[in-house]
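Have a look at the model first, then read on.

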Amino acid sequence: MHGRPRKAYKPEEEAASAAKAVKLRSLQNQFMSNHHAKIYTKEAIDLSTKLLEINPEAYTAWNYRKLAVEDTLSREESNQDLVKSVLDEELKVVESALRQNFKSYGAWHHRKWVLSKGHSSVGNELRLLDKFQTLDSRNFHAWNYRRFVVELTNRSKEDELKYTEDMISKDFSNYSAWHNRSVLLSSLLAKAEGFMPNEKIPDEYKLVHDAIFTDEDDQSGWFYHLWLLDQTVNVETPLLTSSWPSHGSCINLSGGAGCLNDSSSSKLTTFCSESGSFPLILYFDQAVSGVSSSTVTVDSELRGNEDLVWEPVSNKNSRVSSVWVARLKYMSSEPCFPKEYTVKVRIGNSPGIVSSRGCNFSTPYEFVFTAHVHDTVREDSQEVVVSWTDGFDIWDAQSKDLNFLVNLDQQMGLKWRQEAIEEEIELFRALSDSKIGKLTLARLLMAKAMISENGVKGVHYEEILELYNDLMVLDSSHYHYYKDEHSVALLHKVTSSTESLSRHLFRYRDMNNSVCLRLNNLSLSRIASVKKLLFVQMLDLSHNELHSTEGLEAMQLLSCLNLSHNRIRSFSALDSLRHLKQLRVLDVSHNNIGEHSVDTTRYLCSSPLSNSEWTEDEVGRQMTSLVTKYWDAYFVLRDLNLKQLDIAGNMIAGDEFYTLVPQKVANLEDEDSCFPCPKSFRASTSSTTLNLKPFSDTDCGKTWIKSSN
């Protein structure tokens, strides 16, 4: 363990160990008898002391002593001298146990519990910690306890910061000291006099350079450097980085199942909704709470939007999220002629939006867009079977329309941040031959690219991608991490400018020139930079290496999604798609769904084995065994409103599973809906019969079978 080889015991050592085990077993039996009988006499408490002297990790013994103390305090609460004597005795027992095992969780927790009673002096605690930390300066238990004690005293954070610097100067490998320094600085930066980020962070870089260049192989300094880089790039105050509709944009709105056939819509984003509402999306640079009709004001002539309900888009069922959505109504029950509306959105004029770190949104922002509302749709409009191979027109690279669809990030105080990162880049190019040097240089270049002007970003991304390619070869044990970072850098490169993004954009003629983004065949293993893609309606991610759809939940306009030929292993990995209320077409063919058992601890999608929610609907009651077997598919598909679904080429795509799908995805049963089938399948429901004729393996995923009444 930890690089220390095991050695064989000598005969006398084995005999001593066996004798200790016999004594320990006898003490444990006596102790447990007292514990179960709730005996708290002096003799019983002394017995627990002897047990802890031998085994400080006996957590039950520590809990027993807590109960014994509580019993004494309940009877002798008025006798302050006795109370103090009892608690002081507990501190002595803890100190003795820590001398036996300095890393005993139970002992440290018990000492915290005793001090929290408020009858013991904390003046001696820091002196005791100094002694312990002289023996083991990196012990994280002692550092955690130190933070606890400092909170109970009047010792300043500045003094503690000086203490960490002294400990680091004695040992650059003291990870706990570096960590404690980051905790202290997090609360001091920009909140205490003399701790302005633009002055303090450059000084901290100089401090950590001494550690890194003294011992390049020690990880402590590198971790602190990574934390410093995060402080350099990120701003504590939350910012709005993107929205849909974006400022200055124009959108076409229509109701019904079909879309407009308007030639002018090629220059606009056309949104069709049966519900007569469209999503208003706010994307912040960090998770926030408090987004509501009181903190976000929407001014427009669109009726019925006086009290908008804002909902967080999060897979964690939390009221804190970086993405918030409200739905604006634009269709009324009364017929009307096409009309143009101006919508103004103001954010942050009233306080209440707060980040997860407790920082207030303090940069009010306003954006305005125009909505062209059409009350009717073509009577002959029909559902379109989406093909990912035909019907696409190349985006006009000379068009200025994209400038109104992509938001530019808000940035604050960039100059000192850019200068600090530039200095780090020049310094770490000297270490670019080592793995950690390449990784740090890639991170620094990525940070520079994120806060640089659009015109110079491309150069950085090319170098970043090359560095991660090198790392995947040099350090195969961390291949997947480098692969994910490579994917993130590639997607940031694609979205770094309207010019690069337009190379991947198309218009789909058969769906009213819907905006389609094609990111297929890029070897992507992770999704990123979604904040720049909120306007996308069709997304092609086929022929990549994705394992999950995490991140796509922000793309609320998405109606068609192609995930074919990826590495998705279960429907749980598609859980984020449940937030996409507009999604109608989903292709997950030729993945690995069903080939591996689902690890229910990895995803947020609940298992019916621990949740009775699935028994509340008719399908859950009538098809209990199928729902239990395919619970992940059940929970995902029930929240979607799909009209086309392709799961061919997956292990799960068998007759049994196809019995469940039409029951849960009702729209697949409607006339003219489409559904790909396995080699043979026939399923009957109360409303329709799906007749699917056999066809060859080579046709799987290519043939769409229409249901008929």
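A residue counts as buried when its relative accessible area is under 20%. Cysteine 359 has a value of 12%, so it goes down as buried. Keep in mind throughout that this is a predicted model.

## The chain as a whole

The chain runs to 709 residues, and buried ones make up 50% of them. Its secondary structure comes to 21 helices and 21 strands.

How much of the contact list joins residues 24 or more positions apart? Taking the contacts with a separation of 6 or more, such pairs account for 66%.

## Cysteines

How many disulfides does the chain have? The count is zero.

Is cysteine 560 buried or exposed? With a relative accessible area of 1%, cysteine 560 is buried. Cysteine 359 is buried too, at 12%.

## Helices α10 and α13

Now for some helix packing. Helix α10 covers residues 197–214 and helix α13 covers residues 414–428; their axes lie 10 Å apart, at an angle of about 15°. Angles under 35 degrees count as roughly parallel, and α10 and α13 are therefore roughly parallel to each other. Their crossing is right-handed.

On the α10 side, the contact is made by Pro197, Asn198, Ile201, Tyr205, His209, Ile212 and Phe213, while α13 brings in Trp416, Ala420, Glu424, Leu427 and Phe428. Sorted by class, the residues of this contact are nine nonpolar, two polar and one charged.

## Helices α7 and α9

The other pair is helix α7 (residues 140–152) with helix α9 (residues 175–188), whose axes come within 10 Å and cross at roughly 25°. That makes α7 and α9 roughly parallel to each other as well, and α7 passes α9 in a right-handed crossing.

Which residues make the contact between α7 and α9? From α7 there are Phe140, Trp143 and Arg147; from α9 there are Ser176, Ala177, His179, Asn180 and Val183. By class, the contact of α7 with α9 has four nonpolar residues, three polar and one charged.

Note on methods: Residues numbered from 1 in each chain as written. Predicted model: local features only at pLDDT ≥ 70, side-chain atom pairs only at ≥ 80, totals over all residues. Heavy atoms only, no water. Axes fitted to C-alpha atoms, helices over the stretch in contact; angles between N-to-C directions. Helix = DSSP H or I, 4+ residues; strand = E, 2+ residues; numbered from the N terminus. Parallel < 35°, antiparallel > 145°, perpendicular 65-115°, else oblique. Left-handed = near helix turned anticlockwise from the far one by under 90°. Contact = heavy atoms within 4.5 Å. Nonpolar A, V, L, I, M, F, W, Y, C, P; charged D, E, K, R; others polar. Disulfide = S-S within 2.5 Å. Buried < 20%, exposed > 50% of the residue type's maximum accessible area, 1.4 Å probe, protein only.
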